[in-house]
Amino acid sequence: MLVALRDASFAYEDGPPVFRGLDFEVHAGRALALLGRNGSGKTTLMRLLSGGLRPDSGELAVQGRAVRYDRKGLTALRTTVQLVVQDPDDQLFAASVGQDVSFGPLNLGLSDGEVRARVAEALAALDITALADRPTHLLSYGQRKRTAIAGAIAMRPRVLILDEPTAGLDPDGQERLLAGLDGLREGGTTVVMATHDVDLALRWADDAALLTPAGVGQGPVGELLARTDLLRAAGLRLPWGVAAGLLLRARGLPADAAAAPRTPEELAALAALLASGRQGPES
């Protein structure tokens, strides 16, 4: 467990409680998809995890230690957990890409050489090295998204939290971003992604968290996204991979065959397995 909320409650001023007695965990090395309808508390939860909001009761713990909400404690938290909001224009403010990505490391008081190394590493991870000197106002939307993420990972966080990172991107932009996130995961960064896209969550994540009026359900993504009761409560539909897996098993696919297909390639493999079984051993 890297980051956890323990018995946490939170309400905005003059508003109803968003969470009561919430227990929530982010585990090292496990890509986590955070899902729920609009107004379910996803943004609030992400800000609680990153220190932008403080629980009214309960605690936020990092690697088992309660976070202190003074300057030193929050600085330590933000070197471990970084949040990238949905709209990159809310985070980009420097004149060029390189200057924007360097802002966080500079504020840590690092040497010029260490800052340059972190910026180069972050730009390469998001495949935007060629944009280092590009003015931020001349970037495409997808380039601005990747620049905002690069600025976060230049802090070398253990946990990177992304709010709807694929929203507004075309299919190629989505694939380029996901490839960058895969590289970060391989490098040891634990990624949490808030999304409404259940198909993306099934394909990308190891675990899922569903926010419902009754609370938060967490577990392996394939198991959780097959729970029609939780999906209905969260205002989400059944992922196509789960639906296809159920259909294939109803048509004769062995129950012990692979779990719900997460990609078109896995679906094709399961369909081929079903077809070969129907043809018999001599085929």
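In which strand is Phe24 found? In this predicted model, Phe24 belongs to strand E2, which spans residues 17-26. Phe24 has a relative accessible area of 1% and is therefore buried, the cut-off being under 20%. Val3 lies 21 residues away from Phe24 along the chain, yet the C-alpha atoms of the two are separated by 8.4 Å. Val3 is also one of the residues in contact with Phe24 when neighbours within four places in sequence are left aside.

The largest nonpolar core consists of 46 residues, and Leu35, Trp204 and Leu210 have the most contacts inside it. Beyond its neighbours within four places in sequence, Leu35 touches Lys42, Thr195, Asp197, Val198, Ala201, Ala208, Ala209, Leu210, Leu211, Leu225 and Leu236. A separate core of 30 residues lies apart from the largest one and includes Met46, Leu49, Leu74 and Val192.

Two packed helices are described by the angle between their axes and the distance between the axes. For helix H3 (residues 97-107) and helix H4 (residues 112-125), the axes come within 9 Å and cross at roughly 125°. H3 is therefore oblique to H4, and the crossing is right-handed. On the H3 side, the contact involves Val97, Gly98, Val101, Ser102, Pro105 and Leu106; on the H4 side, Val115, Arg118, Val119, Ala122 and Leu123. By class, eight of the residues in this contact are nonpolar, two are polar and one is charged.

Technical notes. Residues numbered from 1 in each chain as written. Predicted model: local features only at pLDDT ≥ 70, side-chain atom pairs only at ≥ 80, totals over all residues. Heavy atoms only, no water. Axes fitted to C-alpha atoms, helices over the stretch in contact; angles between N-to-C directions. Helix = DSSP H or I, 4+ residues; strand = E, 2+ residues; numbered from the N terminus. Parallel < 35°, antiparallel > 145°, perpendicular 65-115°, else oblique. Left-handed = near helix turned anticlockwise from the far one by under 90°. Contact = heavy atoms within 4.5 Å. Nonpolar A, V, L, I, M, F, W, Y, C, P; charged D, E, K, R; others polar. Core = buried A, V, L, I, M, F, W, Y, C linked by side-chain atoms within 4.5 Å. Buried < 20%, exposed > 50% of the residue type's maximum accessible area, 1.4 Å probe, protein only.
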